[in-house]
Amino acid sequence: MKKKRILSALVAAAAAFCFVLPPGRAAVLPQPVTASAEDAADGLTVSKSKVKYGDYIDVTVNVPAVSANADTVEIRVDFDPNAFEVTSWRPQLTNSALTNYSNTAGFFVIAAANINYSLSNGLTVTGRLRVKNTASAGAYVLRLSSYDVCNYDTGYRWTPVVKEKTVKVASNLVSVSGTISVKASDNIGDTASVIMTDSDDVSMSTSVKLSFNSSTNMYEGTYIFNEAEANERYTVEITIPGCKPRSDILSVGSTSLNSEMIMRIPGDVDGDGKVGASDATQVLKYLVGTRSEIRGANGVIDKYLLSVAHVTNTSELSPQDATQILRYVARLTPTL
Ligand SMILES: [Ca+2]
């Protein structure tokens with residue numbers, strides 16, 4: 001055990017001497033970064049997944065709380081110095097720990113040996129990075145390249161869940177917002193979950209508390225993503241417990257976009273908040289090709305309402321869906 005401890009101390013000391021800042025920089029550490037909600041995760045988190053030039057992003061490494069003591073800590077995050085620079089940082093470990101960062105090599109690091117540090121409150125290291133004005137637009141990977149948090153005596157060793165995060169640098173960011181509404185109905189949740197995914201499969205998500213509007217008799221809420229990329233196609237997926245999930249493709253141009261997202265319970269094609277015979281009528285109208293809630297006067301089909309009407313497992317809408325709705329109304333089947 002003793003040999004390993006000495007070895008780990010030597011490794012940490014050697015590492016510390018390898019990352020030397022330019023003359024005059026070493027003694028000047030930037031101001032602290034305030035803690036954020038990102039600290040709750042296990043491994044690497046970023047405060048924003050999309051940024052534009054001049055933006056700031058907090059990159060946090062979080063070792064979750066555990067009943068263990070660490071005798072060795074070596075945490076290092078690598079970033080592309082062509083795109084980012086450290087402007088401030090907050091290493092939680094300060095006693096006998098060696099900390100450093102480099103905006104030319106592109107990293108920040110903390111190293112300590114034989115510290116017997118209690119992890120009962122976890123451990124976080126946060127670097128605030130600024131997106132350089134000279135950065136090229138594109139996707140950049142931030143990487144947890146060292147994550148040696150362990151105790152040689154007890155065998156504790158941290159295994160981070162997330163070791164990499166991709167951050168996209170865009171030349172122009174816009175906001176994408178939407179109003180979610182659903183007719184008051186029993187057995188639906190009061191919170192909507194919204195996930196927005198771009199063409200590179202980078203997602204952002206939020207949850208929206210719905211509140212009852214007595215004048216419209218609807219539950220309503222609004223979501224907004226302020227870090228959407230201009231001239232990008234997004235898939236927006238909304239789920240509310242008890243409602244048919246909806247998924248829409250949004251083509252975002254050069255300005256902010258706002259959408260109205262009406263949610264419905266399965267089978268409620270006409271949107272009165274309950275499933276009735278009139279909904280079966282809507283299905284049959286659609287199937288014979290006449291104007292209906294699903295197919296508007298201009299012939300455009302509302303794909304979400306089509307999915308609301310489709311209550312069976314058949315490959316496409318059929319008279320069976322109308323029958324199934326009527327069976328539900330007649331209480332011959334308990335659910336849709
Ligand atoms: Ca209805």
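Two residues are in contact if their C-beta atoms, placed from the backbone, lie within 7 Å. By that criterion, residues 24 or more positions apart account for 67% of the contacts in the chain with a separation of 6 or more. The model is a predicted one, in which local features need pLDDT of at least 70 and side-chain atom pairs count only at pLDDT 80 or more, while totals for chains, interfaces and linings use all residues. Residues are numbered from 1 along each chain as its sequence is written.

The chain has four helices and 18 strands, taken as DSSP runs numbered from the N terminus (helices: H or I, at least four residues; strands: E, at least two). Of its 336 residues, 32% are buried, that is, have 20 or more other C-beta atoms within 10 Å of their own.

An open sheet of mixed pairing contains six strands in the order 2-10-9-4-7-6; pairing requires at least two DSSP bridges between two strands. Its edges are strands 2 and 6, each of which pairs on one side only. Strand 2 runs parallel to strand 10 and is joined to it by three bridges; Val-51 has Val-169 of strand 10 as its bridge partner.

| Strand | Residues |
|---|---|
| Strand 2 | 50–52 |
| Strand 6 | 98–102 |
| Strand 10 | 164–170 |

Contacts of Ile-110 include Val-73, Ile-75 and Val-125, not counting residues up to four places away in sequence.

Methods:
A residue is buried if 20 or more other C-beta atoms lie within 10 Å of its own, exposed if 12 or fewer, and partly exposed in between; C-beta atoms are placed from the backbone.
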